[in-house]
Amino acid sequence: MPSSVANESQFRFQSSRSRASCPSRTPSEPDSPAATPSCDVVDQALAELQLQSQEISEKDLLVASTSRQGRSGWQIKASQLSINTHNRIRNIVESLKIKPNPEKPMIPLSIGDPTTFGNLKAADETMKAVLHSLESGKFNGYAHTQGHEVARQAVAKYSAHQRPDGEIDPNEVVLCSGCSSALEYCILALADRGQNVLVPRPGFCLYGTLTEGLDIEVRYYDLLPDQEWRADLVQLESLIDENTAALLINNPSNPCGSVFDEEHLLQLIDICERHYLPIIADEIYEHFVFPGSKHVAVSSLTKEVPVLSCGGLTKRFLVPGWRMGWIIIHDRKQRLANSIVGLKNMCGRILGSNTIIQGALPEILTKTPQSYFDGVIDVLHSNATLAYKMLKTVRGLNPVMPNGAMYMMIGVSIERFPAFKDDTHFVQELVNEQSVFCLPGSCFEYPGYVRIVLTVPGPMIEEACSRMAEFCDRHFKKDSRAFIEHGLLDEDLAF
Ligand SMILES: *Cc1c(COP(=O)(O)O)cnc(C)c1O
């Protein structure tokens with residue numbers, strides 16, 4: 001340590017010590033050398049505090065002394081957070097060497113935006129509500145940091161099923177810029193650097209994107225494809241330690257399209273109750289379930305375990321660009337205490353949700369007709385049924401029928417396709433030969449699978465499935481010894 005720094009920090013130590021006044025000293029004896037016992041205790045505590053802070057001030061000073069020299073050139077560095085933040089889907093997709101077959105029009109079953117294909121549109125009622133909000137001229141200013149009261153009231157009413165035995169107060173609603181920012185606020189309010197959050201595998205890659213740059217660890221609990229993607233409870237519980245800040249569940253699931261039943265949700269609640277863990281529930285696909293399935297909000301099943309439920313307009317109302325999401329705080333026994341303060345503090349950072357859409361919320365949430373939602377579910381369900389039926393008969397593929405959301409996972413028996421190294425390679429060659437683009441399971445921490453979206457027009461999904469069948473037939477090898485032989489020739493296969 002440079003001596004000048006040591007001297008400076010010593011000086012700071014002494015001067016702050018001499019500034020400290022002991023409450024037991026009266027003004028009449030300001031410099032009395034004989035301290036009373038209570039004053040000793042205070043002094044000792046102060047000294048301890050100062051010893052601790054000495055380390056910090058030394059570091060501060062080091063930083064200060066370097067910066068005093070200034071820069072000698074343009075040495076701009078990106079922040080750690082920004083460099084360590086990654087979008088997994090983008091990274092994997094950009095690394096593919098893709099040259100679609102020019103003879104076949106491209107079918108992108110990879111795009112998660114349901115408005116891309118033009119067959120699914122927002123309801124007229126939904127769009128008119130925004131016009132009315134705009135025309136009222138009442139929503140051009142800043143809103144309350146949690147969002148306008150009328151908008152939060154509307155969300156509280158709309159979400160009443162999440163708490164069948166009580167009302168949701170507008171104060172328990174936080175409006176955010178899309179469900180993504182709702183999730184970010186929840187994670188930031190509950191977890192510190194060095195802590196961990198349990199997230200599903202396969203799972204939506206945003207959870208990793210939001211945490212890794214902050215040094216919050218993501219721990220993956222497994223979903224089991226042969227049990228309708230229920231969580232492996234034993235493995236999940238084994239991940240929990242004293243640094244686990246929350247369990248994140250995504251129900252219905254992206255990418256699985258699975259819907260947890262009540263029994264399974266109760267099992268998850270039980271684990272959280274035993275380990276004192278709050279739940280972050282990504283329920284952006286609530287109500288997005290196929291006939292025969294039912295979505296149960298996890299918060300409706302417990303008063304003991306606090307739940308932060310994240311939702312929004314994005315998927316159900318088919319308006320991802322509007323960026324309207326929300327958090328509903330379910331904390332019946334006030335267990336989240338100052339995390340709620342933290343959560344509300346987070347809202348002060350950017351006042352993130354658009355006020356024109358806030359103003360439209362009461363109308364959007366009450367006037368969009370049920371027939372509209374039913375129509376959307378119809379399209380998704382019939383696409384799912386069609387794709388499942390067609391792909392089930394394809395050798396080497398193993399589709400898992402979804403019960404909700406807008407995706408289907410398809411297992412790829414990669415050992416049957418010796419020409420391909422892994423799911424990513426399979427996806428790349430499927431584009432190059434057939435111009436059908438799926439997302440590799442690796443994007444969801446789940447190699448060996450691919451994900452397709454179900455939001456495309458029916459004839460398109462039919463065409464995509466027959467091309468996938470053709471592709472698989474061409475590359476399927478019955479004799480798995482062929483794989484071993486080819487495996488030895490890996491270099492020849494490398495692209
Ligand atoms: C689409 C999606 C989101 C993000 O929704 P936005 O409102 O667009 O931010 C969050 N979670 C899951 C599982 C999603 O599929």
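This report describes confidence, the ligand shell, helix packing and backbone geometry in a predicted model.

## Basis and confidence

Residues are numbered from 1 along each chain as its sequence is written. Because the model is predicted, local features need pLDDT of at least 70 and side-chain atom pairs count only at pLDDT 80 or more, while totals for chains, interfaces and linings use all residues.

The protein chain has a mean pLDDT of 87, with 83% of its residues at 70 or more; pLDDT is the predictor's confidence in each residue, from 0 to 100. Over residues 1-43 the pLDDT falls below 50, and this stretch has 30 contacts in the model beyond near neighbours in sequence, two residues being in contact if their C-beta atoms, placed from the backbone, lie within 7 Å. Residues 488-495 also have pLDDT below 50, with three contacts beyond near neighbours in sequence. Where pLDDT is low, the predicted coordinates should not be read in detail.

## The shell around the ligand

Around the ligand there are 13 residues, of which Gly-178, Cys-179, Ser-180, Asn-254 and Thr-314 come nearest; a residue is near a molecule if its C-beta atom, placed from the backbone, lies within 6 Å of it. Helix H7 (residues 178-190) gives the most to this shell, contributing three residues, where helices (H or I, at least four residues) and strands (E, at least two) are DSSP runs numbered from the N terminus.

By class, the shell comprises four nonpolar, seven polar and two charged residues. Ala, Val, Leu, Ile, Met, Phe, Trp, Tyr, Cys and Pro count as nonpolar, Asp, Glu, Lys and Arg as charged, and the others, Gly among them, as polar.

## Packing against helix H12

The axes of H5 (residues 124-136) and H12 (residues 355-367) come within 8 Å and cross at roughly 140°, the axes being lines fitted to C-alpha atoms over the stretch in contact, with angles from 0 to 180 degrees between N-to-C directions. H5 and H12 are therefore oblique to each other, given that angles under 35 degrees count as roughly parallel, over 145 as roughly antiparallel, 65 to 115 as roughly perpendicular and the rest as oblique. The residues of this contact divide into seven nonpolar, five polar and three charged.

H6 (residues 149-158) also packs on H12, with axes that come within 7 Å and cross at roughly 30°, which makes H6 roughly parallel to H12. In this contact, Val-150, Ala-151, Ala-154, Val-155 and Tyr-158 of H6 meet Gln-358, Gly-359, Leu-361, Pro-362 and Leu-365 of H12, and the classes are eight nonpolar, two polar and no charged residues.

## Helices H13 and H15

H13 (residues 370-392) and H15 (residues 458-475) pack at an angle of about 15° with their axes 10 Å apart, and the two helices are therefore roughly parallel to each other. The contact involves Ser-382, Asn-383, Leu-386, Ala-387, Met-390 and Leu-391 of H13, together with Gly-458, Ile-461, Glu-462, Cys-465, Met-468 and Ala-469 of H15. By class there are eight nonpolar, three polar and one charged residues.

## Backbone geometry in the loops

Most residues other than glycine have a negative phi, and most peptide bonds are trans. The bond from Asn-251 to Pro-252 is cis, with omega near -10°, and Pro-252 is found in the loop between strand E6 (244-250) and helix H10 (262-275). Pro-255 lies in the loop between E6 and H10, and the bond from Asn-254 to Pro-255 is cis, with omega near 20°. Asn-254 is also among the residues that come nearest to the ligand.

Glu-228, a residue other than glycine, has a positive phi near 50° and is found in the loop between strand E4 (217-224) and strand E5 (230-231).
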